[in-house]
Amino acid sequence: MRGLFNAAKKKIKGQKPLTEEKINDILADKNIIISEDTRRENRIPPGQHEIKSWPVLHAGSVQNIDTSKWKFKIFGLVEEEKELNYDEFMSLPQTKVFSDIHCVTTWSKLNNLWEGVSSNTIKELVDVQKEAKYVMVHASGNFTTNLSIKDFLEPDVLFATRHNENPITSKHGAPVRLVVPKLYFWKGAKWVTGIEFMAEDKPGFWESNGYHMHGDPWKEERYSWKSDYI
Ligand SMILES: Nc1nc2c(c(=O)[nH]1)N[C@H]1C(S)=C(S)[C@@H](COP(=O)(O)O)O[C@H]1N2
Ligand SMILES: [Mo]
């Protein structure tokens, strides 16, 4: 399973953590959504350890997306499918979220400020059919990951374009990556190209390769032998 990672864990030089002063400003800012898990007394889930760097992890190669050709598609169980180009996506209302990252490979990176478009804003652009209970997130390079609609529409879920006040780099998923703070970071698809509404749950890429269908770090839902689905 780990052999699917082409990119080695690399430390990105120059990626500065937020200062304590900045974090205090964020926590006092009413316009920033504070992910609930950041308020826990112990912010490191079982089996995880804190790191300060930000590793780059994915299957396949880094996708260098040409934003003039990029499209964001909303499809599946919706009354009318919708396609946004980059300018249309960027002109949607923006949200900020403060969250922690928990990667299933056991590293956690605390204190991340994300900026982008809330999953709820995307959902409001279409009429979702009532049968829809799950979503599949699609990304360039044939990557997919599955979520229940409930998890997808949590208020701290966003399609991020910025991290710690800088544009997200290609390695981390530019122009748009998903962030699902309450679940392991593999649910955060990089190089997102769209979202599909579905009636039933289906495994995405890592879920087909042994990762858990849900992926709650606080319950250590790492691999599918702990899944309720098989
Ligand atoms: N498109 C795509 N997104 C992906 C993956 C991938 O293989 N392809 N891997 C996931 C996994 S397993 C992790 S841990 C995070 C890593 O994100 P990072 O490289 O920004 O740290 O991306 C997730 N998103
Ligand atoms: Mo991962």
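## The annotated domain

UniProt, in an unreviewed entry, lists residues 60-206 as "domain: Oxidoreductase molybdopterin-binding"; its positions are given in the numbering used here, feature names are shortened, and annotations may be inferred rather than shown by experiment. This is a predicted model, where local features need pLDDT of at least 70, side-chain atom pairs count only at pLDDT 80 or more, and totals for chains, interfaces and linings use all residues. Residues are numbered from 1 along each chain as its sequence is written, while chains are lettered from A and ligands numbered from 1 in the order in which they are written.

Over residues 60-206 the chain is 11% helix and 41% strand, with its end C-alpha atoms 12 Å apart. Helices (H or I, at least four residues) and strands (E, at least two) are DSSP runs, numbered from the N terminus.

Let's zoom in on β7, residues 134-139: 6 of its 6 residues are buried, so the strand is largely enclosed by the rest of the structure. Buried means 20 or more other C-beta atoms within 10 Å of the residue's own, with C-beta atoms placed from the backbone. Tyr134, Met136 and His138 point one way, and Val135, Val137 and Ala139 point the other.

Strands pair if DSSP finds at least two bridges between them. β7 runs antiparallel to β8 (residues 143-148), joined by 6 bridges, and Met136 has Asn146 as its bridge partner there.

## Around ligand 1

Ala139 turns up again here: along with His58, Phe143, Trp186 and Lys190, Ala139 is among the closest of the 19 residues surrounding ligand 1.

Conventions
Buried ≥ 20, exposed ≤ 12 C-beta atoms within 10 Å, placed from the backbone. Near = placed C-beta within 6 Å.
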